[in-house]
Amino acid sequence: MEIKGKNAIVTGAARGIGRGIALKLAQAGANVALVDLGDPADPALTYNLAAQAELARTVAEVKSLGVKAAPILADVTRFDDCKRMAREAADALGGVDILVNNAGIIAIGMVADFSEAQWDRVMAVNAKGPFLCAKACLPYLARAGGGAIVNIASIAGKTGRAGAAAYCASKFAVVAFTQALAEELGPSNIRVNAVCPGYLRTAMWTEVLNKAAGAWGDGAGDNLEKISRHGTFLRREQTPEDIGEAVVYLAGAGNVTGVALNVAGGAEVH
Ligand code: NAD
């Protein structure tokens, strides 16, 4: 599928990996609706989510590449928001051909100490969000005669790790959802794939995992630097641009569906 001129929705697009994906899609010539929560304070989390100013900045960056760009405030855990997101994106861009389910959160802690509220919120954003966004966008993808959904899972969706049970369970769910939906939507010419990023220097690491002691590091110094140096074949961390390139590939790859592609420098090979 030719990406140029297509219309894409990217959730969690204000910063980090979502920003990288939006910029790569725009460089490939796609118009982009950039979706984010618009409220940094999530009571289940120990770190701030993106502010509206970050979303506005990223929208301006995407626009400067010569494509249409529209900001949309929506919580991917609310179906009404997801339906409005799809409608506003279609109105602003002219349709929806590509949905990238990138919005995600992390909360860590051993199961014995982890609260039910934290578990529920991680599952709601990471696992239910892609379901609701896909469901809301399906009529538009069908109207376009087909298209692509790319879900951002994680290498944590391939191997479970201590201290991150909820996050890992949510990402395994994303991989399974990807496979099931790919089979369901194949006859409608809608391809569904996932990207499993490895280790990236975004808020999840700088604000959460880099401060953790235990399974994720010693809490002293740069856990990400140590883990990406010792835990990958390529001895380095990944970047939002790496993930954006994989998304552009999967969005366009006309005969690829149901895969969960690791972009992890060899940190996960299955
Ligand atoms: P991030 O915190 O910088 O970005 C996440 C974005 O999602 C933020 O802009 C946030 O405001 C938004 N968001 C959160 N909850 C939302 C909601 N309910 N509705 C709408 N938007 C919401 O983190 P990131 O590292 O860029 O994460 C992006 C994706 O990549 C996530 O799905 C994450 O699980 C995945 N991932 C990250 C890594 C990594 O090393 N950073 C590795 C593997 C997978």
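Visitor: Which residues lie nearest the centre of the largest pocket?
Guide: Ile17, Gly104, Tyr167, Thr202 and Met204 lie nearest its centre, among the 48 residues that line the largest pocket (on a 1 Å grid over the protein atoms alone, an open set of points with protein on both sides within 12 Å along at least five of seven lines, lining residues having an atom within 4 Å of a point). This is a predicted model, where local features need pLDDT of at least 70 and side-chain atom pairs 80 or more, while totals for chains, interfaces and linings use all residues. Residues are numbered from 1 along each chain, and side-chain values use heavy atoms, without hydrogens and water.

Visitor: What is the volume of the largest pocket, and what classes of residue line it?
Guide: Its volume is about 920 Å³ (the space filled by probe spheres set on grid points joined across faces, edges and corners). The lining has 29 nonpolar, eleven polar and eight charged residues (Ala, Val, Leu, Ile, Met, Phe, Trp, Tyr, Cys and Pro count as nonpolar, Asp, Glu, Lys and Arg as charged, the others, Gly among them, as polar).

Visitor: And how many cavities of 30 Å³ or more are there?
Guide: The structure holds one cavity of that volume (a set of points where a 1.4 Å probe fits but cannot get out), and the largest cavity has about 30 Å³ of space. Its lining includes Thr11, Val76, Asn101, Gly129 and Cys133, and divides into five nonpolar, four polar and no charged residues.

Visitor: Which element gives the largest share of that lining?
Guide: Helix H4 does, with four residues (helices, H or I of at least four residues, and strands, E of at least two, are DSSP runs numbered from the N terminus).

Visitor: New topic: in what order do the strands of the sheet come?
Guide: Seven strands form an open, parallel sheet in the order S3-S2-S1-S4-S5-S6-S9 (strands pair if DSSP finds at least two bridges between them). Strand S3 (69-73) and strand S9 (260-263) are the edges, each pairing on one side only. Four bridges join strand S6 (residues 190-197) to S9, and Pro197 stands opposite Val263 in S9.

Visitor: Which strands does H4 lie across?
Guide: H4 lies across S1, S4, S5 and S6, and runs at about 175° to S4 (axes are lines fitted to C-alpha atoms, for helices over the stretch in contact, and angles run from 0 to 180 degrees between N-to-C directions).

Visitor: Which residues of H3 meet H4?
Guide: Phe79, Cys82, Lys83, Met85, Ala86, Arg87 and Ala90 in H3 meet residues of H4 including Leu132 and Tyr140 (contact means heavy atoms within 4.5 Å). The axes of H3 (residues 79-93) and H4 (residues 116-143) come within 8 Å and cross at roughly 35°.
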